[in-house]
Amino acid sequence: MNSIGKQVLNALKGEINEIDYQRYIKQLTYDETESKSNLAIFRVPNALIANWIRTKFADKIAHLFEIKTNIKPTVSILIQASSAPTSAQNTTTPLNMERPSGSLLNPSYTFQNFVVGDSNNFAFIAAKNVSEKPGVVYNPLFIYGGVGLGKTHLMQSVGNVMLSQGKTVIYTSVEQFLNDFTRHLSNRTMDRFKDKYRKCDLLLIDDIQFLSNKNQIQEEFFHTFDALRNENKQIIITSDKPPKKIGGLEERLKSRFESGLVADIQPPELETKIEIIKKKCEINRVKLDREVINYVATIIENNTREIEGILSKLNAYSQLMGVDITIEFARNVLKEQMAEKRSNITTDLIMETVAKELNIKPSEIRSKSRNSNIVYARRIAIYLSRSLTPNSMPQLAQYFGMKDHTAVSHTMKKIQELMKNDEDFRVKIEELSNKVSVATPE
Ligand code: ADP
Ligand code: MG
């Protein structure tokens, strides 16, 4: 007699196509000893297959158990203990996106590979000018902005230009600088430390906010800074905040940081995100069509770094399965990612987010106002609430002060129609719905 797990897998074989069965389901082993009536455990050789089965087949498997035993178990797909765990990222050739290690520059961080939009135009031009006239125009150049907005990319673009001209470039973090300092101090080789940092043509210090409250290294950095600037050697600094706002930093350093040019980078607009994705696809030879690119652009929040993870995930899955990346495929692969973001969404949160986006007050959305902006916002909020929360139409009608559920249903139809006919509007709605998904209540 076959174990219940085997019976279920046999039944599944009849329900899915042969290729899926051979590729994935055949690799499943039912764990008879660990499973219980309400918990079915299967093991697979690697994480990639595990993820795929979880998203695509776990529901079906649970359902087949239910048919046979009357109990719908939780289906758990685990990686075989014997095999080393692998992830989507490292089962395929890594994309050309690694961050630099040591003081090496990432060769793909160039001006050509940097997408310019309103959000980063100022910092881009400043960096470009510096690369053309290092040590002359703005010294130091101080670039600040949120995580993943391209600060490291920009500063290294200057580095790559100067490197190609045979100049000496040092790229370092506060931590590396500190480690280096401590090592040379204890080896009594401080002269070599000074040679290294004070005799370069370009010093790039990434994420300077970590200097905060580290007094000894602030002192050393101060002298390094002055030595370089007196020789007209270029310094570029990045930080997550402007100099003024870095706590635990000596005043004299703050004023030095402000003495050149301070340039900020803002979160990218949707168009810029789309262009960045295209650029990354081009560099890494990943083929995505327009629809998928738009979709990915709406999934990522402001942190552009997410793009790389998403692209390598899509690429890994599509290589493994030998299929093209269609929009359905992308949605499926990225479903888990979205699902995680989507728990905890409430109508209040949706209202707040939509109001903020459209520059109106949250209370206006629920008012009786017929002002066209407010009506527009209200419709979108209703649509998102219906799509992203478990609220019923009558509940939503009550919440948004509408006559009854038919008014909600009417609104849903209107928005769906608009989305079908207007690509820009659909992208806008998807973007909003992702904004809501990552928003946290105030
Ligand atoms: P930060 O240092 O601000 O945290 P990074 O420079 O590390 O951000 O950028 C994160 C990723 O996003 C990098 O792969 C970078 O190439 C990419 N990126 C960010 N902004 C842009 C842009 N405007 N054009 C092209 N790539 C970008
Ligand atoms: Mg950085």
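The dialogue below goes through domains, cores and salt bridges in a predicted model.

Student: What should I know before reading the numbers?

Tutor: Residues are numbered from 1 along each chain as its sequence is written, and chains are lettered from A, ligands numbered from 1, in the order in which they are written. This is a predicted model, where local features need pLDDT of at least 70, side-chain atom pairs count only at pLDDT 80 or more, and totals for chains, interfaces and linings use all residues; side-chain values use heavy atoms, with hydrogens and water left out.

Student: Into which domains is the protein chain divided?

Tutor: Domain bounds come from an automatic or database domain assignment. Here they give domain 1 (1-88), domain 2 (97-267), domain 3 (270-341) and domain 4 (347-438).

Student: How do I read a nonpolar core, and which residues of the largest one touch the most other members?

Tutor: A nonpolar core is a set of buried Ala, Val, Leu, Ile, Met, Phe, Trp, Tyr and Cys residues joined through side-chain atoms within 4.5 Å. Buried means under 20% relative accessible area, exposed over 50%, and partly exposed in between (1.4 Å probe, protein chains only). The largest core has 52 residues, and Leu28, Phe42, Ile53, Ile61, Ile277, Leu288 and Leu314 touch the most other members. Among the elements that each supply at least two residues are helix 1 (4-15), strand 2 (39-44) and helix 12 (306-321). Helices (H or I, at least four residues) and strands (E, at least two) are DSSP runs, numbered from the N terminus. Helix 3 gives the largest share, 10 residues. Domain 1 and domain 3 both contribute residues, so this core lies between them.

Student: Which residues is Ile53 in contact with?

Tutor: Contact means heavy atoms within 4.5 Å. Leaving aside neighbours within four places in sequence, Ile53 meets Tyr24, Leu28, Val44, Ala58, Ile61 and Ile77.

Student: How much area do domain 1 and domain 3 bury between them?

Tutor: The size of an interface is often given as the accessible area lost when the parts come together. That loss is computed with a 1.4 Å probe and summed over both parts. For domain 1 and domain 3 it is about 950 Å², 65% of it on carbon and sulfur atoms. Helix 3 supplies six residues, the largest share of the side of domain 1 that touches domain 3. Zero salt bridges are found across this interface.

Student: What is a salt bridge, and how many does the structure hold?

Tutor: Side chains of opposite charge can pair when their charged atoms come close. The rule asks for a side-chain nitrogen of Lys or Arg within 4 Å of a carboxyl oxygen of Asp or Glu. The structure holds 20. In one of them, the closest N and O atoms of Asp180 and Arg183 are 2.6 Å apart. These two residues are separated by about one helical turn, because they stand three residues apart in helix 6 (residues 174-186). Asp180 is buried at 8% relative accessible area, while Arg183 is partly exposed at 44%.

Student: Where in the chain do Glu258 and Lys244 lie?

Tutor: Their side chains meet in a salt bridge (3.4 Å, N to O). Glu258 is in helix 9 (residues 251-258) and Lys244 in the loop between strand 7 (234-239) and helix 9, 14 residues apart. Lys244 is exposed at 63% relative accessibility, and Glu258 is partly exposed at 32%.

Student: Which residues are linked in a network of salt bridges?

Tutor: The network joins Arg290, Arg331, Glu423, Arg426 and Glu430.

Terms used:
Buried area is the accessible area (1.4 Å probe) that two parts lose on being put together, summed over both.
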